[in-house]
Amino acid sequence: MSSTLLEVTRAAHEDVEQLERLMVKDLQNDPPTAKDKLYQSHRVRNNIDTIISTTEKLIEIYEDKDNARKDEIAALGGQTATGINVFSAFYDRLKEIREYHRKHPAARLVNVNEEDEALLKEEPVIEFSGEEAFGRYLDLHELFNQYINSKFGSKIEYSAYLDVFSQPHNIPWKLKSTREYMENLLEYLIYFFQRTEPLQDLDRIFSKVEAEFEEQWANGRVQGWEKQGQENEDDPAQHTMIDLDYYSTVEELMEVGPEKLKEALASLGLKTGGTVQQRAERLFLTKHTPLEKLDKKHFAKGSHGPRQNGSTAVSQDINSLKHIALMEAKMKKLSDLLSKTIEQTKENVVKKQALTYEEMEQEREEEETQVDTESDDEDQQIYNPLKLPMGWDGKPIPYWLYKLHGLGQEFKCEICGNYSYWGRRAFERHFKEWRHQHGMRCLGIPNTKNFNEITNIQEAQELWEKIRERQGVNKWRPDLEEEYEDKEGNIYNKKTYTDLQRQGLI
């Protein structure tokens with residue numbers, strides 16, 4: 001039934017609506033594991049890409065550059081070369097539909113819900129290396145080897161490289177002339193970010209980075225590329241470009257100095273030797289004569305012959321350095337977005353240094369098993385209609401135990417730091433436990449029978465004041481009145497407990 005252009009348009013709109021519903025249904029689910037969440041993000045990303053491509057096709061159809069859609073609509077209305085015949089057009093369409101169902105008798109209406117369920121369980125293919133552990137860690141070993149073998153790199157460990165790779169501003173700009181390392185690093189970070197964060201709009205992020213970079217570059221505030229101090233003298237925009245329009249004679253050009261003349265000649269590929277006058281004469285030739293027309297004797301050995309004129313060569317050098325600086329800005333932004341992953345990679349590298357190969361393989365298998373177990377546990381819902389307290393195994397305790405000990409009642413003790421005791425039995429026993437005894441000592445109150453059932457700090461202090469007033473001169477004697485309990489539950493005063501403990505009887 002997709003032989004006509006209008007049917008193709010209708011089917012495309014239906015596909016877009018179905019994908020939108022599918023994305024909403026998918027995002028309403030809360031994935032139990034990080035792996036499932038990554039699958040969900042890639043499914044949504046694939047659906048978005050499909051919607052974009054389908055929408056672009058619809059736009060082409062509606063633009064109707066070849067008037068095919070217009071002709072088909074006219075044909076539906078019965079417009080022919082001889083005139084308008086609505087009935088003929090209607091029966092032609094009916095005949096086409098019947099012919100289609102005759103050829104495809106097994107055609108059936110697809111159940112959208114069943115198809116959606118199958119698509120929601122789909123696991124997209126995501127390419128990760130073993131070192132990346134399904135997006136948890138970065139794999140920068142190739143770039144690390146490239147770094148330590150470069151002119152600007154140093155012989156450091158891989159763990160130390162993870163700290164410095166995101167800081168290209170510490171490398172002198174003179175050593176950044178090679179783009180290969182920075183291009184490879186940026187390419188890897190983009191590819192890794194697209195695999196781990198497929199729903200992020202990387203183009204929008206980079207457009208913002210480029211706008212900020214252009215402003216900072218114009219003001220000379222790009223980190224690592226500032227024109228200050230000694231670097232100002234080494235800036236190619238300063239030492240290679242000499243505007244010959246300001247000099248009308250060779251003598252005026254000689255006032256620039258031998259060093260700047262030498263640098264300007266070197267940037268153009270010309271010979272740099274000779275006296276100051278010879279250098280100035282050689283450079284002055286380029287004012288009215290293009291480099292392509294200069295005699296080859298003026299060019300240095302090993303140079304590639306005539307190149308561009310001075311201003312063009314300098315402009316290209318500046319643009320090349322600007323492009324490298326822009327790549328650094330993008331790389332820093334990606335490093336900030338992946339900061340958590342970078343930290344996890346550092347911890348993993350340090351941890352692996354203390355493990356053997358067998359231990360690393362065992363740990364990887366345990367992590368995979370743990371992820372599957374957590375997923376299965378979360379899928380199983382605990383049936384607890386009576387809302388019984390949970391036991392040590394994470395399951396509800398038996399109902400008879402709940403009734404026997406009165407575990408449904410909660411008792412809070414302010415003296416114990418608002419600790420909760422479930423059941424009357426546990427509450428009565430806690431007065432002799434270390435937590436309650438420690439709380440009473442902090443209040444400066446003896447833990448005697450007079451303070452049983454007292455859980456409020458203010459009430460305990462008021463009772464202690466009344467006891468002291470009633471006793472008058474007689475003060476509290478901790479040796480005789482303070483109570484201690486041994487492992488078997490026997491109660492002693494402090495003096496007896498201390499004597500028995502010294503004799504090793506308790």
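This is a predicted model: local features need pLDDT of at least 70, side-chain atom pairs count only at pLDDT 80 or more; totals for chains, interfaces and linings use all residues.

Residues are numbered from 1 along each chain as its sequence is written, and side-chain values use heavy atoms, with hydrogens and water left out.

Select Phe-134 first. Its phi is positive, about 55°, although Phe-134 is not a glycine. You will find Phe-134 in the loop between α5 and α6; helices here are DSSP runs (H or I, at least four residues), numbered from the N terminus. Phe-134 is partly exposed, because its relative accessible area is 28%.

Now jump to Asn-67, in the loop between α2 and α3 (68–76). Asn-67 is not a glycine either, yet it has a positive phi of about 60°. With a relative accessible area of 39%, Asn-67 counts as partly exposed.

**Salt bridges**

Next, show side chains. How many salt bridges does a search of the whole structure find? The search finds 13, a salt bridge being a side-chain nitrogen of Lys or Arg within 4 Å of a carboxyl oxygen of Asp or Glu.

Start with Glu-14 and Arg-10, whose side chains meet in a salt bridge at 2.8 Å, N to O. Both lie in helix α1 (residues 5–28), four residues apart, or about one turn of the helix. Glu-14 is partly exposed at 40% relative accessible area, and Arg-10 is partly exposed at 42%.

Move on to helix α4 (residues 86–103), where Arg-102 and Glu-99 sit three residues apart and so are separated by about one helical turn. The closest N and O atoms of their salt bridge are 2.4 Å apart. Is Arg-102 buried or exposed? Arg-102 is exposed, because its relative accessibility is 56%. Glu-99, at 29%, is partly exposed.

Lys-352 is partly exposed, with a relative accessible area of 24%.

**Surface patches**

Switch to a surface view. Patches are made of residues with over 30% relative accessible area and no salt bridge; like charges are joined within 9 Å, and nonpolar side chains (Val, Leu, Ile, Met, Phe, Trp, Tyr) within 5 Å.

Which residues form the nonpolar patch? Select Val-86, Phe-87, Phe-90 and Tyr-91, which together have about 490 Å² of accessible area, computed by the Shrake-Rupley method with a 1.4 Å probe and only the protein chains shown as cover. Phe-87 lies in helix α4 and is exposed, with 63% relative accessibility.

Then color Glu-251, Glu-252, Glu-255 and Glu-281, which gather in a patch of negative charge. Lys and Arg count as positive and Asp and Glu as negative, while His and the chain ends are not counted. The place of a charge is taken as NZ of Lys, CZ of Arg, CG of Asp or CD of Glu. Glu-252 lies in helix α12 (residues 250–254) and is partly exposed at 31%.

For a patch of positive charge, select Arg-425, Arg-429, Lys-432 and Lys-449. Lys-432 is in the loop between α19 (424–429) and α20 (434–443), and it is partly exposed at 43%.

**Into the core**

Finally, hide the surface and look inside. A nonpolar core is a set of buried Ala, Val, Leu, Ile, Met, Phe, Trp, Tyr and Cys residues joined through side-chain atoms within 4.5 Å. The largest one has 41 residues, and those touching the most other members are Leu-140, Tyr-161, Phe-165, Tyr-181, Leu-185, Leu-189 and Leu-334. Helices that each supply at least two residues include α2 (34–63), α9 (202–219) and α15 (310–337). End your tour on α8, which gives the most to this core, with nine residues.

How values were computed. Buried means under 20% relative accessible area, exposed over 50%, partly exposed in between (1.4 Å probe, protein chains only).
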